[in-house]
Amino acid sequence: MKDGADSDRPEGEPASLWVATAGTTDFPVLSGDLDVDVAVVGAGIAGLSAALALKRAGRSVAVIDTARIGTGVTGHTTGKVTSLHRLAYTELARSHGTGTARVYGQANQAAIEHVAQVVASEAIDCDFRRVANYTYAETDDALDLVRAEANLAALLDLPATFTAEVPLPFPVKGAVRFDGQAQIHAVKYLQGLARAVNGEGSFVYEETRVQDVRDGSPAVVDTDNGTIRARDIIVATNVPWGGQGLFYLRSHPHRSYIVAGRVDTPPLDATFISVDEPMRSILTASVNGESYVLTGGEGHSVSEPGDTAARYRRLSAFAHDRLGVDKIAYRWSTQDGMPLDGLPYVGLMSPTAKHVYVITGLRKWGLSNGTAAALILADTLTGRENPWAPVFNSNRITPVSSARRFVKENVRTVAAVLAGKLGGRSSQADLLPGDGAVIKVNGQSTAVYKDADGEIHAVSATCTHLGCTVGFNAAEATWDCPCHGSRFTTDGTVIHGPAAKNLPPAPTT
């Protein structure tokens, strides 16, 4: 049976739990020209948090997004707001020193408290609650790692303890525990941020595609419906489009997957992530009166081939066998930028930029890192010194120790380019409904999809970012670029950058 056949599809509705249960927003499309103090491109956690902080500081702000609030990367997160990022402190202390690791922890701890303060002050109904977060070990080798992480994190003045008592329904050997962490309904939180930003001389615009960003005085955001002039611009689109700052070389896209199943038990006051491989992230939540268990993992670089449906099936099996989930209700994936040296990039877009700033490379912990990044830029743009800014500096010199990873990731990208150029079927005759393939048509790579009614949809298979060849993701019915992570719908519409332009229609004969 082909991967595109219905009987081979993984369990669950292919949608984020958070997006599916939040309702929708109806902010307007930009129409005409506008002048504000700061323009923010991207209405995820980083962009909206920065916008609200700047508005509170007396700046007029305009936020622009190509879609509806919460339907991007932030709406596909786990919902964890925490400063315990698996074994991050051991890794950062080894590569950057304990001082940098301490600052990283301080920034993320402050982000948790900032989210709590915003929820309270803006009365955002987003299921915010305090939890403990655990990085747990099932083997002796992993146990040594969590003991070391707990000891180091405590020395860094973080809320860390080692514990052998871990409230999971299967035995583990121990964990590092951080108290006073949090979890939220990510989309409801973003919608609350957007409502707080909009009004009183500040604006939120949805379904407005940015065509270009131009540095200068004023700096200018060109969209398909008008122009925004501002003193400063923040680009907070997960991955900046185009080549500005070369972030597509400095931060590699990483795909991960989540399944959510309904359960009859109330949610735990705890969230979890494993040290042992395959990594598993676990969260319980109550959403609109129903309890869910979320299981995440199966992460990989987008340049690594694999069976997406099989990844979902493995997560579902873990949820069934070890977490008591009877039936999977939702499944979704997300992509995050993994910075070469393990630290997010926050600051000017490039060494020569004057008024264009960037937030990217949030290393899979966007709710806390994105909030911390927003606070850094809010301080920077209002003339206040921020103690975390040097560590997160977007134009820092990357340590030599990161060179090996740089070479490895870019070798994978080159391999993906070659595979795409050399591959491709010669015929669409064997496509099943719901299946897609790259087919050579008159020597050109064409992305061909057959929908459930048997109708053929064809677009160019050449990614509009840097010309790599896309591949079909049968489990999610998308065209995905294996080079830098751009994703497109079956009709060619961009759903994930760095590509900014849609795949154009293409002939099939």
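In this predicted model, the link between cysteine 468 and cysteine 483 is left-handed, with -110° about the S-S bond. The two sulfur atoms of cysteine 468 and cysteine 483 lie 2.2 Å apart, which falls within the 2.5 Å that a disulfide requires, and the count by this rule comes to one disulfide. Cysteine 468 sits in the loop between strand 21 (456-460) and strand 22 (471-473), while cysteine 483 sits in the loop between strand 23 (478-480) and strand 24 (487-488), so the pair ties together parts that are 15 residues apart in sequence. Cysteine 468 counts as buried at 5% relative accessibility, and cysteine 483 is likewise buried, with a relative accessible area of 2%.

Another pair of cysteines deserves a careful reading. Cysteine 463 takes part in no disulfide, its nearest cysteine sulfur being that of cysteine 481 at 3.9 Å, and cysteine 463 is itself buried, with a relative accessible area of 4%. Cysteine 481 is in no disulfide either, since the nearest cysteine sulfur, that of cysteine 463, is 3.9 Å away, whereas the cut-off is 2.5 Å. Cysteine 481 is buried as well, with a relative accessible area of 3%.

From the cysteines we turn to a strand. Five of the five residues of strand 13 (residues 270-274) are buried, so this strand is largely enclosed by the rest of the structure. In a regular strand the side chains alternate between the two faces of the sheet. In strand 13 both faces are covered, with Ala270, Phe272 and Ser274 buried on one side and Thr271 and Ile273 buried on the other. Strand 5 (residues 129-137) runs parallel to strand 13 and is joined to it by five bridges, and within this pairing asparagine 133 stands opposite threonine 271. Strand 14 (residues 280-287) runs antiparallel to strand 13, with three bridges between them; here phenylalanine 272 has isoleucine 282 as its bridge partner. A hairpin of five residues connects strand 13 to strand 14.

In soluble globular proteins, nonpolar side chains tend to be buried together. The largest nonpolar core here has 74 residues, of which Leu48, Val63, Tyr189, Ile234 and Ile359 touch the most other members. Leaving aside its neighbours within four places in sequence, isoleucine 234 is in contact with Val38, Ala39, Val40, Val41, Ala50, Leu54, Tyr357, Ile359, Leu377 and Leu381.

Note on methods. Residues numbered from 1 in each chain as written. Predicted model: local features only at pLDDT ≥ 70, side-chain atom pairs only at ≥ 80, totals over all residues. Heavy atoms only, no water. Helix = DSSP H or I, 4+ residues; strand = E, 2+ residues; numbered from the N terminus. Buried < 20%, exposed > 50% of the residue type's maximum accessible area, 1.4 Å probe, protein only. Core = buried A, V, L, I, M, F, W, Y, C linked by side-chain atoms within 4.5 Å. Contact = heavy atoms within 4.5 Å. Pairing = 2+ DSSP bridges.
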